[in-house]
There are 2 protein chains.
Amino acid sequence: MKTAGLSINLATVRQQFGLKDGVEACLKHGITAIAPWRDHIKATGLAEAARIIKSNGLKVTGYCRGGLFPAADAAGRQAAIDDNKQMIDEAAVIRADCVIIIGGGLPQGSRDIVAARDMFFDGMAAILPHARAAKVALAIEPLHPMYAADRGCISTLAEALDLCDALGKGVGVAIDVYHLWWDPDLARQIERARSRILAHHICDWLVPTRDLLLDRGMMGDGVIDLPAIRRMVEDAGFYGHQEVEIFSENWWKRPGEEVLRTCVERYNSVC
Amino acid sequence: MKTAGLSINLATVRQQFGLKDGVEACLKHGITAIAPWRDHIKATGLAEAARIIKSNGLKVTGYCRGGLFPAADAAGRQAAIDDNKQMIDEAAVIRADCVIIIGGGLPQGSRDIVAARDMFFDGMAAILPHARAAKVALAIEPLHPMYAADRGCISTLAEALDLCDALGKGVGVAIDVYHLWWDPDLARQIERARSRILAHHICDWLVPTRDLLLDRGMMGDGVIDLPAIRRMVEDAGFYGHQEVEIFSENWWKRPGEEVLRTCVERYNSVC
């Protein structure tokens, strides 16, 4: 079965594997691209993580995740900026294609989503010179509107692209089907995105969805027309990896080998 | 406390009251506007429901809910059209300001949300002459994107207004803060909506939200800036009622009198 073009976001097997054994399991299934999270790198150590990635010839389709700039006070916002800069440095060491950036939620007690979005913009503007100098691309990932309050105040691809327009070079978008499949404006915005598409994440939307955060579906088990969205993405000029990112209590309970085998099967039969 | 301009969607006290005792409880709190659901009318009988509403001088800010046109086959689509026409007739009898219309979900087994939206448009076009003849306005209510798969394939105000543009006279929109508060395009689209705003529904978005369907919050308990959205709505020219619609296992467990009292208090202190 084909594994070219398939990447595994290690959150998909977060409960089963760390970085080292996760990489070994991926390689056993012929998967040579991954996207680690910050805690994977921290637990392994940056130098060792970079060694594992390099020695195995792995592609890193993204490094999760930065952004999250809105905060209740200036100190909190500065801490987020500093942390993002450090993350950019780490991404350079592991040679990630991009740092995945999410909006962040409303600061505690706030009802002002416009202000949160302004803080997001200011944070991006503050870290962008650092990212450009490090030659690390920043991929804004719009999150599903159900996360707007507590996780991702940037909700639509249109909004993310407006931010790219305003910020200039070095910023693009990550298109995750879970967050965007419902958008009636999706085709037009993906066409608009063009070379700014830096990542394409896949999974599925289950009916019913039993949990807002931890009930993402395996490709083919839900209602998302994955081939249709892939066509839009390729028509816009992105032929990069499809990265499987599934947060699921269900899949986290199963053996990691089974999860990876299923990812490969579905990538071949569904995507 | 002020109750002018406040309406209670009877789903808010669905577990506590039917139409008759719900109306009595509302009146006791000085509330003279309601929005019933179809099952309320069915349980009471149409003529008796109309009598209760008329004899108490109640305003009916909406009748819930029609639409739901997408279906797996032509017979299913025709059944939805017939049912909506009957609902329009009922709305005329109880003198509802509008029939609340939602998109409906994907037909069983479908992954084609574009086709579902086309079915929605066709259904609306099929019932519109009937609605115009009955002088009943149809209010398209965009639902939160988390319902796009199984309940409401019309997700944004922009999309609803595009449908209004295409369908012509007799169709407007219902603006429910729960479904739309997160939209970065909200201010612009409410301004665009103008005289097509037929209803304004209020409640709140809780953090955390524990259930996709039944965890709406009482006004003031969540993160929605209700006064800001009300200003947008009034600036667009709508000075009609704010209708409280809360689906909540939590509020359904409490005494109905307490729920209504809290609605009045929060309407005064928050909205």
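Predicted model: local features only at pLDDT ≥ 70, side-chain atom pairs only at ≥ 80, totals over all residues.

Colleague: Let us turn to the interface. How many residues of chain B are in contact with chain A?

Modeller: There are 28 residues of chain B in contact with 28 residues of chain A. The area buried between the two chains is about 2200 Å², and carbon and sulfur atoms give 69% of that area.

Colleague: Which three residues of chain B supply more of its buried area than any other three?

Modeller: They are B:R111, B:W182 and B:L212, which supply 27% of the area that chain B buries against chain A. On the side of chain B that touches chain A, 14 residues are nonpolar, seven are polar and seven are charged.

Colleague: How many salt bridges does the rule find across that interface?

Modeller: Zero salt bridges are found between chain B and chain A. Polar contacts are present, however, with six residue pairs counted between the chains.

Colleague: And how many salt bridges does the structure hold over all chains?

Modeller: The total over all chains is 35 salt bridges. As background, side chains of opposite charge can pair when their charged atoms come close.

Colleague: Take A:E234 as an example. Which residue forms a salt bridge with A:E234?

Modeller: The partner is A:R230, with the closest N and O atoms 2.9 Å apart. Both residues lie in helix α9 (residues 226–235) of chain A, four residues apart, or about one turn of the helix. A:E234 is partly exposed at 29% relative accessibility, whereas A:R230 is buried with a relative accessible area of 8%.

Colleague: How does B:E90 pair with B:R38?

Modeller: B:E90 and B:R38 form a salt bridge whose closest N and O atoms are 3.0 Å apart. This pair links distant parts of the chain, as B:E90 is in helix α4 (residues 74–93) of chain B and B:R38 is in helix α2 (residues 38–44) of chain B, 52 residues apart.

Colleague: Are B:E90 and B:R38 buried or exposed?

Modeller: B:E90 counts as buried at 12% relative accessibility. B:R38 has a value of 19% and also counts as buried, because the cut-off for buried is under 20%.

Colleague: What about A:D185 and A:R188?

Modeller: A:D185 and A:R188 form a salt bridge with closest N and O atoms 2.9 Å apart. A:D185 is partly exposed, with a relative accessible area of 22%, and A:R188 is exposed at 56%.

Colleague: Which residues are linked in a network of salt bridges?

Modeller: A:D162, A:D165, A:R192 and A:R196 are linked in such a network.

Colleague: A change of topic: where is B:R216?

Modeller: B:R216 is in the loop between β8 (197–202) and α9 (226–235) of chain B. With a relative accessible area of 3%, B:R216 is buried.

Colleague: What do the side chains of B:R216 and B:H179 share?

Modeller: A polar contact of 3.5 Å joins them. The B:R216 side chain also reaches the backbone oxygen of B:E245, at 3.4 Å. Beyond its neighbours within four places in sequence, B:R216 is in contact with several residues, including B:D176, B:Y178, B:F247 and B:W251.

Colleague: Finally, in which strand does B:V173 lie?

Modeller: B:V173 lies in strand β7 (residues 171–176) of chain B, and B:V173 is buried at 0% relative accessibility. Leaving aside neighbours within four places in sequence, its contacts include B:I140, B:L157, B:L161 and B:L198.

Notes
Residues numbered from 1 in each chain as written. Chains lettered and ligands numbered in written order. Heavy atoms only, no water. Contact = heavy atoms within 4.5 Å. Buried area = accessible area lost by both parts, 1.4 Å probe. Salt bridge = Lys/Arg side-chain N within 4 Å of Asp/Glu carboxyl O. Polar contact = N/O pair within 3.5 Å; in protein donor to acceptor, adjacent residues only side chain to side chain. Nonpolar A, V, L, I, M, F, W, Y, C, P; charged D, E, K, R; others polar. Helix = DSSP H or I, 4+ residues; strand = E, 2+ residues; numbered from the N terminus. Buried < 20%, exposed > 50% of the residue type's maximum accessible area, 1.4 Å probe, protein only.
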